[in-house]
Amino acid sequence: MNEFNGLLTATVFLPAIGALVILLGPDNRLFSRFIAISVAASDFVLAILVFGLFDRTDTASRFQFLDQWVWISSDAIKSTYLLGVDGLSAPLVLLTGLLGICAVLASLKITLRVKQYFIWILLLQTSVMGVFTSLDVLLFFLFWEVELIPMYMLITTWGSGRREYSGMKFLIFTIAGSAAMLVAILGLILTQGDHALNMISTLESGSGLLPTTGIISLSVLFWLFFVAFAIKLPVWPLHTWLPDAHTDAPTAASVILAGVMLKMGGYGLLRINVGMFPEQIQSFAWVLMTLGVISVIYGGIVTLRQTDLKRLVAYSSVSHMGLVLVGIASVGASYYVNVTGLTGAAMQLFTHGTITGLLFLCVGLIYDNAHTRSIPQLGGVAQRMPIVGIAILIAGFGSLGLPGLSGFVSEILVFFGAFMAFPILTVIAVLGIVLAAGYILWMIQRALFGTLPDHLADLRDADMVESVPLLLMIVSIIVIGLYPSVLTDVFNSGLEPMVSVINNVSLINTGLLGN
Amino acid sequence: MNFNDIYLLSPQISIAALAILTILADLVIARKKAVLLIALIGLIIPLVFALSLVSSLHVSQDVALVGPSSILYSSFSLSLFSLYFNFLVLGALAIVILGSSDYLRDSGVPTGEYLGLLLLSASGMMLLVSAENLVTIYIALELTTLPLAALSAFSLNGKSTESGIKFLIVSALSSAVMLYGMAFIYGLSGSITLGGISEGLASASLDTMAYQQYGILLGVILLLVGFGFKLSAVPFHMWVPDVYEGSPTPVVAFLSVASKSVAFALVLRFFYVGLGDVDLNWAVLFALISALSMTVGNLLAISQTNIKRLFGYSTIAHAGYILAGVAAISYVGDSYIGMSSVLFYLVAYAAANLTALLAISQIGELLGSDDIDSYAGLYKKTPFLTVALVISLIALIGVPPTGIFIAKIYVFTAAVDSGLMWLAIIGVINSVVSAYYYVRVIRVMFRGDDRLKETDNIKTGIFVKLSIVVSAAITVWLGIMPSWMLETAELAAVSLVGLVN
């Protein structure tokens, strides 16, 4: 039962140990920064190791680098400390490592309560890493909850604008989602027996969760999980916390929020709703599709109306995360489901993480120098900030799906997959790309080009340190755009087993295959 | 009576002796700190006795078969269940005594009397958890309560006196109601021991006379009212915020943790052992009280501006969560999940609440105020206490990695397991509501002017620091590695269930 590889445990807990060192260490800015950078960099290296050493051969086992230990073994609750990655989570671990170091590098200019700031940032990193690697539902929930307080503190202390309001809104929304998930977990404990909380045994059972009777039906559990993840993703109409939180959060927190924390929602949908509820995800795919399309279109239209750069990027996230839902809904195909749409959804998680992370970094740089994020007050920024200008161009084009950049790959996969299941709704969703072209190009035109207003005459471009995270993300956007199979192959290997379970279950249900 | 009976009661006897010794020592020793050390080191004696009793109970491998040892002709009994609470009380007491050292130094409160009363109250609590008949239960309960009422009035100001008198009157009232209920139960069962009551009521329910059934029902309800006051459950909660606000904060810490725990122990034993066979669905009553306590406690806490009043309402809400576990027991008679979830929750809550209230006590000395608004910028003034308070507040919300996170999942699992899904959902929603006011306190502490100089001008003594560190460490430990405590709680629960079968 017990086995211990150690790599994932190190990846998850290294940032928390760093936070502890900062907490107990001297109240010295340089010290805090030094520890934060070295921890985030080492964690990035560990994440690269996880992704690089992940065995991609056909004979490899599905879940790798397992750390397994009995955690709680009471009669009521049996839970294991179970960390592991499969093809779905390995790239997301890489993404978290990448954005972690970028967020720390983007925070070096912070002068307010430096010590506390890095403690919260590093705790956040542990929490997200833990979510992506836990294969036990209770452990997953534990890491999911740990993120609350750090994010709340980051928004309310280092944020801007109505930060108290936004922070509390974020907290209440998220904790309400957690409450739904907690009820679902109680349902699992009650109905699923001893292995209820072990994701591996459910994912490898070949038919998802055990059937239940009575009020706690699998459909109820499915929707409870869905609500928790939909709030995080966010899905219309549960998205209203996101623009506020993003707008008022400090730059690095926005990067983490958009880059990896929204991905926790998408990851949860793929891992739990798709992986553990093969029957329900198929029958409710049309609901997911509808909500996804509404998110895409509604998010796009609202984005067009934004004049605050950060709010604009935030609302565009609503639109882009809608695409994740559209990709997941591809499993609603009435005949043989293939993995394309799910891979697209997973790819969208990764590419949106880098693209939006990059956009938030650039917006943060502009705001730091120009002290405004209002598009009408900006203009000609690219003249003074060429590096930031180029970065926004690349991220913007990636965001609207220009071929050759990573956004294109994920969007095309999503649409290919979803078209098989819901052709008409997919066509409507494609309009979202048109809207994206509209708001991105319009934003670039108004903010980056044109004449430079007088009050922006002394703008300063990104310096060396600030350019490093920009460069890291640009590289990842271009590399994935040109050579997508570096990711898609891995995602496929993780999602293929889930799809075959779905196909298997639907064959049994339609009577084509005996039980 | 023989020597073995004295051995089985040795923890209780030794702590009562320690109380007297402490008061006597105060007469001859001038240094307050020395008296405190005597009380503290003296606690090792009951601890050692309790440990040796555990090892003697563990002789048999199958704990479920180890029945209670009857003491003094069924006046008391000894089981792992009662020892579990002995350890809880002793632990809480040690932490509170450590945490009171600064309060005793600065406030001019007479040390010997303060410590003596605390120890006396603790001896009452330890007697209460093993009291086996109505007379000893009543005496132990009064021994628990009266010293606490005196301690509530210790601060020599109007508020404190008010809270002492309020506590005294409420206790007297609830005891009177409870006695009335006991009279009914005694009258209809013909026995004063819990085991005898159980048998008596079982035979009474055979001849189904209507008046007997109603008599039992009335007795149970009167008992429930009496216990409700001790548990600080709604609708018997009105005294809690006032007493919490006025009493010295270390006393509040002891009151909210130890007194509440043994009240739950009493409820578990009385309703599970004494009334276990009664065919009444009083579990519905517990479920209702639970839902009410959670909801009312949390909603009223939102608008509080005084941190101690806020904790008063928070303790009401937590009584509600724990009662969900109590209600879960009665639905499935032979299961002990509900029981052990209550036991685990009590320990997790004790650790978190002790951390919080001892920190609040120090902060109150530092700021001279218990207003939440005056906490602004606290992180700068006293980082140590701020971190401690943050940990305990996070724990009280039920956010991991803390003990109450596991405890809440455990309690709600037990509730769902016994068909109380609605109660679990109410509990989960209430946890969301509670996040609002707990987080607000955290937020206030980190608000404020950064140009403030670090003025750690309160000399938080090493004893107080130790007590806060220990209780905070237990809080986190129970969240990260709960297995040991869960197993212990299950053993204790089984030992009580084994007592019924």
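Reader: What makes the span of helix α19 (residues 403-417) of chain B close to the one expected at 1.5 Å a residue?

Author: In this predicted model, α19(B) has 15 residues and reaches 21 Å from its first C-alpha to its last. The expected span is 1.5 Å times one less than the number of residues, which for this helix comes to 21 Å.

Reader: Why is α19(B) called largely enclosed by the rest of the structure?

Author: A residue is buried if 20 or more other C-beta atoms lie within 10 Å of its own. In α19(B), 15 of the 15 residues are buried, and the helix is therefore described as largely enclosed. Just after this helix, Gly419(B) takes a positive phi of about 80°.

Reader: Why does Val469(B) count as partly exposed?

Author: The term applies between the two limits, with exposed meaning 12 or fewer neighbours and buried meaning 20 or more. Val469(B) has 13 C-beta neighbours inside 10 Å, so it counts as partly exposed. This residue is found in helix α21 (residues 462-480) of chain B.

Reader: What makes up the contact between chains A and B?

Author: Chain A gives 28 residues to the contact and chain B gives 30 residues. On the side of chain A that touches chain B, the elements giving two or more residues are β2 (64-73), α5 (137-146), α6 (148-158) and α7 (163-191). The largest share, 10 residues, comes from α7(A). By class, that side of chain A has 21 nonpolar, four polar and three charged residues.

Reader: What confidence does the predictor give the complex?

Author: The complex has an ipTM of 0.84 and a pTM of 0.89. For chain B, the mean pLDDT is 85, and 90% of its residues reach 70 or more. Where pLDDT is low, the predicted coordinates should not be read in detail.

Methods. Residues numbered from 1 in each chain as written. Chains lettered and ligands numbered in written order. Predicted model: local features only at pLDDT ≥ 70, side-chain atom pairs only at ≥ 80, totals over all residues. Contact = placed C-beta atoms within 7 Å. Helix = DSSP H or I, 4+ residues; strand = E, 2+ residues; numbered from the N terminus. Nonpolar A, V, L, I, M, F, W, Y, C, P; charged D, E, K, R; others polar. pLDDT = per-residue confidence, 0-100.
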